[in-house]
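The following exercises concern a single protein chain and are to be worked through with its sequence and coordinates at hand. Each task is followed by a stepwise solution.

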Amino acid sequence: DRFVFVVSPISYKKRTAGSLKDNPSIFRDDARITEVNYYKNRLFMLTSEGTVVTSRAGEIDNVFLDTAINVSLIDPIDVIANSNQRVPIHGSSIVNNGMVLFGDSEQYMLTTNSDILSSETVNVTKIANYTFDPVSNPIYLGANLGFISEGTSRFYELTNLYERGPVDINERSQQIQNMFGEGYNMPVSSREQSQVIVYKRASESTDMMVYRFRQESSQESSQTSWVKWRVDGNVCYISMPRDEIFVFVEDESIGAKLYKLQPDNKDKFTDGYEGVDID
């Protein structure tokens, strides 16, 4: 009667037809899985070799062809996203009718020209050449996407994400680059709050950079602003479900503390947390 999560390895189905030569494993090049996503009824696995491989449609535990003779629309997909170099793919986000792939130094759009996604209809197109921090994740900014660049951290927003045509990329951290470039690399977003919080992953830091935006459309933001928040311990993890903000903070005495931030409560602003009320 209770809802539970079961965390365990997947027992993938074994090869039932063919051999290593005519029905090889999709990981025959010893590629490492760097990202997993679910799209069009398939389990997508992105690799360190720049390849995109999927399960059979409707069977997330089956990555082999059922027959080595006939071709089926539900067969696994195995494509190379890269053009002239092998770029590891570390992130992905589903937007409109496609999936945006974030490589180390290139971004791609994976789409299909048909209602059915198959090995014959899949299409991968390069849409940008920006670095992407592999420890980070792409986030949603309303109808757009945001991501953090590698090296000197920068926060970018991708707009004009359609199936065809060029995308537009705007740098949103330019106004605070001296401070933001010091290693802020883990963004968390909330569409309901029109807000993004960026903290330093795997780093001792008590600060968070907060980005507020107001979008009139996917191409225009009428108002944007940055604010710095600080808590009394190193930030470990942040979650923003709907209209709430939860922050896990490291504590030397008890290990960790969980804070619930309520920035919309104007009657309880405190100087100790720089404008953030903490329960």
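**Exercise 1. A surface patch**

Task: Determine which residues form a nonpolar patch on the surface, and with about how much accessible area together.

Solution. The patch consists of Ile10, Tyr12, Tyr38 and Ile60, which together have about 370 Å² of accessible area. Patch members need over 30% relative accessible area and no salt bridge, and like charges are joined within 9 Å, nonpolar side chains (Val, Leu, Ile, Met, Phe, Trp, Tyr) within 5 Å. A salt bridge is a side-chain nitrogen of Lys or Arg within 4 Å of a carboxyl oxygen of Asp or Glu. Areas follow the Shrake-Rupley method with a 1.4 Å probe, and for residues only the protein chains shown count as cover.

The model is predicted: local features need pLDDT of at least 70 and side-chain atom pairs count only at pLDDT 80 or more, whereas totals for chains, interfaces and linings use all residues. Residues are numbered from 1 along each chain as its sequence is written, and side-chain values use heavy atoms, with hydrogens and water left out.

Strands (E, at least two residues) and helices (H or I, at least four) are DSSP runs numbered from the N terminus. Tyr12 is partly exposed at 38% relative accessible area; buried means under 20%, exposed over 50%, and partly exposed in between (1.4 Å probe, protein chains only).

**Exercise 2. Strand β6 and its partners**

Step 1: Ile89 has Gly103 as its bridge partner. The hairpin of β5 and β6 has 2 residues between the strands, and in it Asn96 takes a positive phi near 55 degrees.

Step 2: A hairpin of 3 residues connects β6 to β7.

**Exercise 3. Nonpolar cores**

Task: Identify the residues with the most contacts inside the largest nonpolar core.

Solution. This core has 16 residues, and Ile197, Met208, Ile238, Ile245 and Val247 have the most contacts inside it. Strands supplying at least two of its residues include β13 (186-190) and β15 (207-217), while β18 gives the most, with 3 residues. A second, separate core of 15 residues includes Val52, Ala81, Val87 and Tyr108. A nonpolar core is a set of buried Ala, Val, Leu, Ile, Met, Phe, Trp, Tyr and Cys residues joined through side-chain atoms within 4.5 Å.

**Exercise 4. An open sheet**

Task: State the strand order of the open sheet formed by 4 strands, and explain why one side of each edge strand is left without a neighbour.

Solution. The order is β9-β10-β11-β12, with antiparallel pairing. The edge strands β9 (139-141) and β12 (168-171) each have a single partner strand, so one side of each lacks a neighbour in the sheet. Between β10 (residues 144-148) and β11 (residues 155-159) there are 4 bridges, with Ile148 partnered by Phe155. Asn160, in the loop between β11 and β12, has a positive phi of about 60 degrees although it is not a glycine.

Notes: Two strands pair if DSSP finds at least two bridges between them.
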